[in-house]
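Thanks, everyone. Let me put the structure up, and we'll walk through it together.

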Amino acid sequence: MGDYRRIADRIADDIATGRLRPGQRLPPQRAFARRRGIASSTAGRVYSELVRRGLVVGEVGRGTFVRAGPTGPTGQALAEPGPADAPVNLELNYPSAPGQPELLAPVLAPLLRPDVLAEALLPAAATGTQGAREAAAALLTTPGWRPAPDRLLFTGNARQAIAAVLASLVRPGGRVGVEQLTYPLVKEIAARLGITLVPLAGDAAGLLPEAVAAAHRTAPLSALYVQPTLHNPTSLTTSRTRRLQLAQLTHHLNLPIVEDRIWSFLHGSGERHGAGDPLAAHAPALAHVVDGLSKRVAPGLTVGFLVVPPQRVAAVADAVRSGGWNAGRFALEAAVRWAAEGTVARLVEAKRADAVRRQRILAEELAGFAVRSDPRAYFAWWELPSPWRADTFTAAAAAHGIAVTPGPAFAVAPGHTPDAVRLGLASAPEGDLRRALRTLARVAARRGTGL
């Protein structure tokens, strides 16, 4: 037990002496374990100990970052002492509607009957049940697209769905095109699968087709991974015209698409000109749609959804099984009931209204700053005023008890370090959110001079 504390002591010394700078990202725990020649479980204890000591902040999947020390490299205080209020985590982004437990509990009660529970505790196949496929198809339907139930597969969560699709599509060493800023866990999934991510340029309408074509000419891409509806972290929604262009290009190149729609439920059912319809509506033979219940319902009892082209069902199901990514039968049964009885729909409406309220708070507290977001989104991309850098601002925020996600966590290109942070608006109570944003505005207004 003492070994992990000794390792933590050495990391703490590196932080105290400036060898590890505030805002610097520590390696993923598995990489840390390999470098140190220790077990992954020991690495986990080291990181937990550093968190306990208040030396690092972070979230599994996004990264662990060094917090602000007492002084910066010039001897100046990095940030004024924060208030005595409880910490506010704007990295986590799990929405919870008022009265959510009371909505969910009655639907779960029948599952606890011994006869029903016995069935719910059996293993679940990747194809789920007929009832689950029909319920998921209805849940994922948009005005311009309805998935066929026989093309539905299920995983434990959306992250596992992404991993399963990529594992089924891309061999080790293969190349996958992604937006220049992408979901951090996709970077980790790609690294574990031996996949190279290729950053592709975009504009205000979405991913540029010519960027996709150019990358494919350089060396063939095996797939695209995209978030065309409420892209995380920028909140951009790709225009319908651009979706059609991308669909035409991928058809021409015979290039599979992995479309992440985990936040699309916030976009609403009245999407203008079909901009919220998935790429699968235009490229059904190539698009693999990923979605899930972690944001619609709750992260602790969730299911990942996959809608795949007809000819790909068996291959992706095999990847789900071999990866051990099957959905739990209990969670699957709960999801079917929540969807059938309208619980998911009620939660979605409540969370849409909640996101709008939180965006208003964001607009009020960060007025005058360069913040990119959508009034329906649960996150925002804050381009920091000069001379702030993402690492120093993240550390300064941490010194005030506020966790934010530094922009480089989303960047794909080596050396690309956007001076921005992602703000997750969903998890903190509204009062804490307003207080945290107000504090961050004061910190940013110092322009990095009064650190």
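Start in the loop between β10 and α10, where you find Ser235. This is a predicted model, so take every value I give as computed from it. Ser235 is not a glycine, yet its phi is positive, about 70°. Is Ser235 buried or exposed? Buried, because its relative accessible area is 3%, and the cut-off for buried is under 20%.

Now go along to the loop between α10 and β11. Asn254 sits there. Asn254 has a relative accessible area of 57%, so it is exposed.

β10, helix α10 (residues 240–253) and β11 form a β-α-β unit, and it is right-handed. What are the partners of β10? On one hand, strand β11, residues 257–260, pairs with β10 in the parallel sense over three bridges. Tyr225 is opposite Val258 of β11. On the other hand, strand β6, residues 175–179, runs parallel to β10 and is joined to it by three bridges. There, Val176 faces Ala223 of β10.

What about the faces of β10? Side chains in a regular strand alternate between the two faces of the sheet. In β10, residues 223–226, both faces are covered. Ala223 and Tyr225 are on one side, Leu224 and Val226 on the other, and all are buried.

Next, salt bridges. How many does a search of the whole structure find? The count is 23. I'll take a few.

Glu188 bridges to Arg192, with the closest N and O atoms 3.9 Å apart. Both are in helix α8, residues 184–193, four residues apart, about one turn of the helix. Glu188 counts as buried because its relative accessibility is 19%. Arg192 is at 55%, so it counts as exposed.

Then Glu365 and Arg438. Their closest N and O atoms are 2.8 Å apart, in a salt bridge. This pair links distant parts of the chain, 73 residues apart: Glu365 is in helix α13 (residues 343–365), and Arg438 is in helix α15 (residues 430–445). Glu365 has a relative accessible area of 12%, so it is buried. Arg438, at 41%, counts as partly exposed.

Glu383 is partly exposed, with a relative accessible area of 34%. Arg372 is partly exposed too, at 37% relative accessibility.

There is also a network of salt bridges. Its linked residues are Asp354, Arg357, Arg358 and Glu430.

One more backbone point. Which peptide bond is cis? The one from Ser386 to Pro387, with omega near 5°. Pro387 lies in the loop between β15 and α14, the latter spanning 390–399.

Last, confidence. The chain has an average pLDDT of 89, and 91% of the residues score at least 70. Over residues 69–84, pLDDT stays under 50. For that stretch the model has 28 contacts beyond four places in sequence.

That's the tour. Over to you.

Key:
Residues numbered from 1 in each chain as written. Predicted model: local features only at pLDDT ≥ 70, side-chain atom pairs only at ≥ 80, totals over all residues. Heavy atoms only, no water. Salt bridge = Lys/Arg side-chain N within 4 Å of Asp/Glu carboxyl O. Helix = DSSP H or I, 4+ residues; strand = E, 2+ residues; numbered from the N terminus. Buried < 20%, exposed > 50% of the residue type's maximum accessible area, 1.4 Å probe, protein only. Pairing = 2+ DSSP bridges. Right-handed = clockwise from strand over helix to strand, strands pointing away. pLDDT = per-residue confidence, 0-100. Contact = heavy atoms within 4.5 Å.
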